[in-house]
Amino acid sequence: MIKAISSIFGKLVGSKADRDMQEIRPLLNKILEIYPGLENISHDELRARTAAFKEKINAYVKEERAQIKALTDQVEASPDMELHEKEALYEQADKLKKLVVDKLEEVLMEILPEAFAVMRETARRFKENDEIVVTASQFDRDLSVNRDHIRIDNDKAVYRNSWMAAGNEIKWDMVHYEVQLIGGIMLHKGKISEMATGEGKTLVATLPVYLNALSGEGVHVVTVNDYLARRDSEWMGSIYEFHGLRVDCIDKHQPNSSARRAAYTADITFGTNNEFGFDYLRDNMARTPEELVQRGHNYAIVDEVDSVLIDDARTPLIISGPTPKGDNQEFFFFYSRV
């Protein structure tokens, strides 16, 4: 009887997957509607969409960010300020930061269809063209110093569609399928997107990573080992860099170094769960703000989340977690006997 009622209820309201699809179907349809219109615009115009996204996002939270800066500047400019006055100003700033987070979520959902379409069109152009020629920016010129697949010809930057990733030359040959667009939407919404090996989960991640990197608040891509962190940062990195987004990998740099600190200021930061975890722990023991390497945590994608959060959730997560015996620690027992 209970099973029959459950079956009838399921048919009436649908499964969880059906309800999720109903929720994201309008977004998917909008992406598919925008995508064909990008085919005939120039490479420069395609890149200009990224700048336009950034301008829209910055304008949406410009007032709140200005107020936060004014409050923090007021505290820093008044070293003799009473503690309760500082706490009141910091409390105001924290409320504004939460408001910024909420507003960023709103504006990113608004531009999601066009941003996903832009990334899909970028992938298509890299697949179908051996070289993509654009007007060179200073960012392109800086990249060309260390990127063999990017060269500068007078005022033009030429991006080849093949480059080195983890010691192997790869040629870009992927374009997002509809199911990958769906996976990208789910990841942006903070949900788990389950995909089997070979179904293109690395490509799926490019969509929400690109979208969230537009805010300038930083994106972390967490992998299970340093090989994947380095490989993915180089494999997917050129697609992001084509749009002027800076990419780095913390596993390439020594802990507490200026290079690792710079990696955290990148628009997109790759790294292993252990390195992210230990950097977080070290930052909690820092004596001055200058010793910190991480910046505020904004958005993260965890690759192979079951492995990272269950199978490999070892030393850094154990150290930072609560102790099983609470205040009953052997340290106090042995200390009392000294």
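The model is predicted, so local features need pLDDT of at least 70, side-chain atom pairs count only at pLDDT 80 or more, and totals for chains, interfaces and linings use all residues. Residues are numbered from 1 along each chain as its sequence is written, and side-chain values use heavy atoms, with hydrogens and water left out. The structure holds 25 salt bridges, and a search of the whole structure finds 5 aromatic pairs. Its largest nonpolar core has 72 residues.

**Aromatic rings**

- A pair of aromatic rings is described by the distance of the centres and the angle of the planes. Rings of Phe, Tyr and Trp (its six-membered ring) pair if their centres lie within 6.5 Å; planes under 30 degrees apart count as stacked, over 60 as edge-to-face and the rest as tilted.
- The search finds 5 aromatic pairs. In one of them, F126 and W163, the ring centres are 6.0 Å apart and the planes stand at 85°, so this pair is edge-to-face.
- F126 belongs to helix α4 (residues 83-128) and W163 to strand β4 (residues 162-165), so their pair ties together parts that are 37 residues apart in sequence. Helices (H or I, at least four residues) and strands (E, at least two) are DSSP runs, numbered from the N terminus.
- F126 and W163 are both buried. Buried means under 20% relative accessible area, exposed means over 50%, and partly exposed lies in between (1.4 Å probe, protein chains only).
- Y264 and F276 also pair: their ring centres are 6.0 Å apart with planes at 65°, so the pair is edge-to-face. This pair links distant parts of the chain, with Y264 in helix α10 (residues 258-264) and F276 in helix α11 (residues 273-284), 12 residues apart.
- Y264 is buried at a relative accessible area of 1%, and F276 is buried at 8%.
- Ring pairs link F126, Y159, W163, W172 and F242 into a cluster.

**Charges over rings**

- A charge sits over a ring if NZ of Lys or CZ of Arg is within 6 Å of the ring centre and within 35 degrees of the ring normal.
- R47 lies over the face of F242, at 5.3 Å from the ring centre.
- The ring of Y35 has the charged end of R120 over it, 4.5 Å from its centre.

**Salt bridges**

- Side chains of opposite charge can pair when their charged atoms come close. A salt bridge is a side-chain nitrogen of Lys or Arg within 4 Å of a carboxyl oxygen of Asp or Glu.
- K191 and E23 form a salt bridge, 3.9 Å from N to O. K191 lies in the loop between α6 (178-188) and α7 (201-213) and E23 in helix α2 (residues 16-34), so the pair ties together parts that are 168 residues apart in sequence.
- K191 is partly exposed, with a relative accessible area of 30%, and E23 is partly exposed at 41%.
- K252 and E234 form a salt bridge whose closest N and O atoms are 3.1 Å apart. K252 lies in the loop between β7 (247-249) and α10, while E234 lies in helix α8 (residues 226-235), so the pair ties together parts that are 18 residues apart in sequence.
- R287 forms a salt bridge with E291, with the closest N and O atoms 3.3 Å apart. R287 is exposed at 73% relative accessibility, whereas E291 is partly exposed at 28%.
- A network of salt bridges links E121, R124, R125 and E128.

**Nonpolar cores**

- In soluble globular proteins, nonpolar side chains tend to be buried together. A nonpolar core is a set of buried Ala, Val, Leu, Ile, Met, Phe, Trp, Tyr and Cys residues joined through side-chain atoms within 4.5 Å.
- In the largest core, of 72 residues, those with the most contacts inside it are W172, Y210, Y240 and I268. Helix α4 gives the most to this core, with 16 residues.
- Apart from this core lies another of 6 residues, among them I250, A263, F276 and V293.

**Single residues**

- H188 is found in helix α6 and is buried at 11% relative accessibility. Not counting residues up to four places away in sequence, H188 touches residues including L108, P208 and Y299 (contact means heavy atoms within 4.5 Å).
- P255 lies in the loop between β7 and α10 and is partly exposed, with a relative accessible area of 35%.
- P255 and R282 are 27 residues apart in sequence and 9.2 Å apart in space, C-alpha to C-alpha. Leaving aside neighbours within four places in sequence, P255 is in contact with R260, E275 and R282.
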